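Hi,

Here is the structure I promised to pass on.

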Amino acid sequence: MIRFLPKKGISAAFSLIRTNRRSINHIKNMLDENRKHEVQRLSEQPIFERTDRIYKPTYTVEFERTGEVLLYSCDPLKHMVVYFKYPYVLYESLIPLTIWLYFVNPLELEWYWNTCNLLAANLFWIPRVWYWRSLQYRIQRMYLLRGGKSVRIETTTLAGDRNTSWVENFNFHPLTQDQKFFDNRDDAEFLNEEGQLKHELACQLDDLTEFGVNTNDAIIYFHNKGVIHHPELFEAVCKGYNIDTSDYVINTAHNHRAREGHHNH
């Protein structure tokens, strides 16, 4: 015998089901909430930094009115081969040959093998682009900020785009002369008796922000034709030391343009 529920009973049953669904759906994903809570907890904790690597300068540090002191300056593109760089010119010299082989096909290759010539013509210029991309890691200027824990780095691209990055000193790790291995941070010798670079210095940074993008283990280059204005401070920064700037003076000469983009305030 089939018994039918009254109309009110059916509506009450469906309302109960809808209520249960709402009670489940209104609770957010607890996994995401726990992650947000953990991120917030970590962000509120104070940042601990190793302070055993502190260098005390032997003289009074003179900062500019912006709270910076210039350590290094150079125009690396003037001292580098940009366009006729070997072996990239050798690769690009093969592009006309591969295009000619594709259209003329003197070896009478099948079409799928002959297409490799056209593909090669579009691959030979890629190493050149990689080289141009690496030029923006050539340092133009580096300033030490008041407090001695961070520096401001200025770089530029081949198109003339200027980039400013702020890096903490403990991120610096000097590399050997062949730029293949880490050098001893305490015993590295890359300055000559005049306080200038013996060779092109490469330093690996644990973290670098360029054009708003964070990059881990980025390598920056200091050209040996550049000028080191404070060899003692420059060497300590490149070795990952924080600078003790308790003994300082500020030059209040107003020699900066107004509203410069590199101001720290």
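Val 69 has Leu 144 in β4 as its bridge partner. That pair belongs to the contact between β3 (residues 68-73) and β4 (residues 141-145), which run antiparallel and are joined over 5 bridges. Keep in mind that this is a predicted model.

Zooming out, β3 and β4 sit in an open sheet of 5 strands, and the order is β6-β5-β4-β3-β10 with antiparallel pairing. At the edges you'll find β6 (162-168) and β10 (227-228), each with pairing on one side only. As a quick reminder, strands in a sheet pair through backbone hydrogen bonds, in either a parallel or an antiparallel way.

Next up is β8 (residues 201-210). This strand is mostly covered, with 7 of its 10 residues buried. β8 pairs with β7 (residues 172-174) in the antiparallel sense over 3 bridges, and there Pro 174 stands opposite Cys 203. β8 also runs antiparallel to β9 (residues 213-222), with 9 bridges joining the two. In that pairing, Asp 207 stands opposite Asn 216. The β8 and β9 hairpin has 2 residues between the strands, and Phe 211 takes a positive phi near 55° there.

Last, the surface. Leu 94, Leu 97, Ile 99, Trp 100, Phe 103 and Val 104 make a nonpolar patch of about 580 Å².

Cheers

Note on methods. Residues are numbered from 1 along each chain as its sequence is written. This is a predicted model: local features need pLDDT of at least 70, side-chain atom pairs count only at pLDDT 80 or more; totals for chains, interfaces and linings use all residues. Side-chain values use heavy atoms; hydrogens and water are left out. Two strands pair if DSSP finds at least two bridges between them. Helices (H or I, at least four residues) and strands (E, at least two) are DSSP runs, numbered from the N terminus. Patches are made of residues with over 30% relative accessible area and no salt bridge: like charges are joined within 9 Å, nonpolar side chains (Val, Leu, Ile, Met, Phe, Trp, Tyr) within 5 Å. Accessible areas come from the Shrake-Rupley method with a 1.4 Å probe; for residues, only the protein chains shown count as cover. A salt bridge is a side-chain nitrogen of Lys or Arg within 4 Å of a carboxyl oxygen of Asp or Glu. Buried means under 20% relative accessible area, exposed over 50%, partly exposed in between (1.4 Å probe, protein chains only).
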